[in-house]
Amino acid sequence: MPPFVTAPGFAELGSRFFTRLAPTPLPSPRLVSMSSAAAGLLGWDAHAATQRNFIETFAGNHVPGWAAPLASVYSGHQFGVWAGQLGDGRAIRLAEAHTATGPWEIQLKGAGMTPYSRMADGRAVLRSSIREYLCSEAMFALGVPTSRALCIVASDAPVRRETIETAAVVTRLAPSFIRFGHFEHFAAREDIGSLRQLADFVIDRFMPECREDRQPYQALLREVSLRTADLMAQWQAVGFCHGVMNTDNMSILGLTIDYGPFGFLDAFDANHICNHSDTQGRYAYSQQPQVAFWNLHCLAQALMPLWREADGKADGEAEAGKAATDAAVEAARAALDPFRARYAGAFFQRYRDKLGLRPTGGRDEEDEPLLTDLFQLLHTQRVDYTLFWRNLARISSADGSQDAPVRDLFMDRAAWDAWAGNYRARLRAEDSSDAARTAAMLAVNPKYVLRNHLAETAIQRARENDYSEVDRLLAVLSHPFDEQPEADAYAALPPDWAAGLEVSCSS
């Protein structure tokens, strides 16, 4: 028996929300890697992979007694265009496990075709599975809300993408994989009963405080808006680009989900586009907060029928119907309005922490030009984002005697000197202690992130059946703020060949 109990969870909503089906078996599966930290969420220890049927279960070859596999249906906007019905095209939920750490949906990604595959093969490839596995665990270690990854199982089964690759299944964990698109799906079909059932499920299961509100469905939208604002501030602060922020990839719980063509900033470019398929730059780094807000408007539109209904407005008369619509729009605006202030506050707090500045009454407006000038400098100089923040932590507030590691990242040293002079003056104004500030900055500015070239190296070795680099990289990224001097090479500037790497929606 597994070290957890299962419950219907999402499955209790009924057949309108999903299709029950078994995963497609994966021939000759083998374990690539298992995250012992993620295994611990399910009550397993580091030796879980040695258990009977572990590999077969997470390859999709064996359906254990505790599993009740299903694929959920949803819709969504993709690249700003309504795409209609979508759904779990290559993901199959095994079960909802309840442990001491909470409820966890166990989901196989790459487990074969479902009714929602839209002519696709339902498979994931080794390349994309390694990227999602490593980034899920890396983001958790960075403190960013995220789905988790239990393990990767690989096979020699061929899968066609741009070229012929090999198949893999990554097992994902999250309290829920409900997306904005789930709500859009039922709203588009004018199935208000199912829409209400879904909203009630999310409120009662994950946001019970909304039930106490006079208008619980508007409270739900407001809570999702606030969570999403916080998430966007965290993405921007760590230099993370998601790459495909479609509404069907947005978590109702404010988690980072669906790691595909993502990337962390190397040289800072505010307009960096990590997804080669994003030809218009819709999901560029600088656009992520605004896109999130746009997606929230789509969610608001989907939810509006619920508070029209709750207000008891009649649709029979044109005047009453218009009044109900106007009231619903105003209610949506009221629920979404806090996003901007919440994002701005969270963003500024994150960067104040990254700069090692203490919050002082009346200083926000004073500090804004310092931060704005810094972004402009990083952008024009294309300074390595992660190395800059890490090295900045060790400069002296008194003079430039310790500036070399960070100063050498700039082509225009005079421009750095000018900004650094203003920064030092700000530190002295608050009587900053260099030792305390350095420790605080090192605790929020990671030394290690999942740069594309690091993932690519692990992928290339894995294609030769050498999975050691996946495990080694996982170990390093699990402690991103620690020095780990034996792993210094993972924190170095990217090699020249990394500039040629591209990731797309097939990633």
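Me: Which handedness does the crossing of helix 6 and helix 9 have?

Reply: The model is predicted. In it, the crossing of helix 6 and helix 9 is right-handed.

Me: At what angle do helix 6 and helix 9 pack, and how far apart are their axes?

Reply: Helix 6 covers residues 216-238 and helix 9 covers residues 338-355; they pack at an angle of about 30°, and their axes are 8 Å apart. Helix 6 and helix 9 are therefore roughly parallel to each other.

Me: Which residues make that contact?

Reply: From helix 6, Arg-222, Ser-225, Leu-226, Thr-228, Ala-229, Asp-230, Met-232, Ala-233, Gln-234, Gln-236 and Ala-237. From helix 9, Pro-338, Phe-339, Arg-342, Tyr-343, Ala-346, Phe-347, Arg-350, Tyr-351 and Lys-354.

Me: And by class, how many are nonpolar, polar and charged?

Reply: The contact of helix 6 with helix 9 has eleven nonpolar, four polar and five charged residues.

Me: Staying with helix 9, how does it cross helix 11?

Reply: The axes of helix 9 and helix 11 (residues 385-392) come within 9 Å and cross at roughly 55°. That angle makes helix 9 oblique to helix 11.

Me: Who touches whom there?

Reply: Tyr-351, Lys-354 and Leu-355 of helix 9 make the contact with Tyr-385, Trp-389 and Leu-392 of helix 11. By class, five of the contact residues are nonpolar, none is polar and one is charged.

Me: Now helix 4 and helix 5. Roughly parallel or roughly antiparallel?

Reply: Helix 4 (residues 180-188) and helix 5 (residues 192-206) have axes that cross at roughly 155° and come within 8 Å. The two helices are therefore roughly antiparallel to each other.

Me: Which residues meet in that pair?

Reply: His-182, Phe-183, Phe-186 and Ala-187 are the helix 4 side, and they meet Ser-194, Leu-195, Leu-198, Ala-199 and Val-202 in helix 5. The contact of helix 4 with helix 5 divides into seven nonpolar, two polar and no charged residues.

Me: Changing topic. How many cavities of 30 Å³ or more are there?

Reply: A search of the whole structure finds five. The largest cavity holds about 60 Å³ of space.

Me: What lines the largest cavity?

Reply: Its lining is Phe-10, Leu-70, Ser-72, Asp-88, Arg-93, Glu-105, Gln-107, Phe-177, Ile-178 and His-182. Strand 4 (70-72) and strand 8 (102-109) are the elements that give two or more residues to this lining.

Me: What classes does the cavity lining have?

Reply: Four nonpolar, three polar and three charged residues line the largest cavity.

Me: And the pockets, what volume does the largest one have?

Reply: About 800 Å³. It is lined by 31 residues, and the closest to its centre are Gln-78, Arg-90, Arg-118, Asp-248 and Cys-505. By class, the lining of the largest pocket has ten nonpolar, ten polar and eleven charged residues.

Me: What about the second largest pocket, which residues are closest to its centre?

Reply: Asp-266, Ala-267, His-272, Ala-498 and Ala-499, out of the 26 residues that line the second largest pocket. This pocket has a volume of about 600 Å³. Its lining has 14 nonpolar, five polar and seven charged residues.

Definitions and conventions
Residues are numbered from 1 along each chain as its sequence is written. This is a predicted model: local features need pLDDT of at least 70, side-chain atom pairs count only at pLDDT 80 or more; totals for chains, interfaces and linings use all residues. Side-chain values use heavy atoms; hydrogens and water are left out. Axes are lines fitted to C-alpha atoms, for helices over the stretch in contact, and angles run from 0 to 180 degrees between N-to-C directions. Helices (H or I, at least four residues) and strands (E, at least two) are DSSP runs, numbered from the N terminus. Angles under 35 degrees count as roughly parallel, over 145 as roughly antiparallel, 65 to 115 as roughly perpendicular and the rest as oblique. Contact means heavy atoms within 4.5 Å. Ala, Val, Leu, Ile, Met, Phe, Trp, Tyr, Cys and Pro count as nonpolar, Asp, Glu, Lys and Arg as charged, and the others, Gly among them, as polar. A crossing is left-handed if the near helix is turned anticlockwise from the far one by less than a right angle, and right-handed if clockwise. On a 1 Å grid over the protein atoms alone, a cavity is a set of points where a 1.4 Å probe fits but cannot get out, and a pocket is an open set with protein on both sides within 12 Å along at least five of seven lines; lining residues have an atom within 4 Å of a point. Grid points are joined across faces, edges and corners, and a volume is the space filled by probe spheres set on the points.
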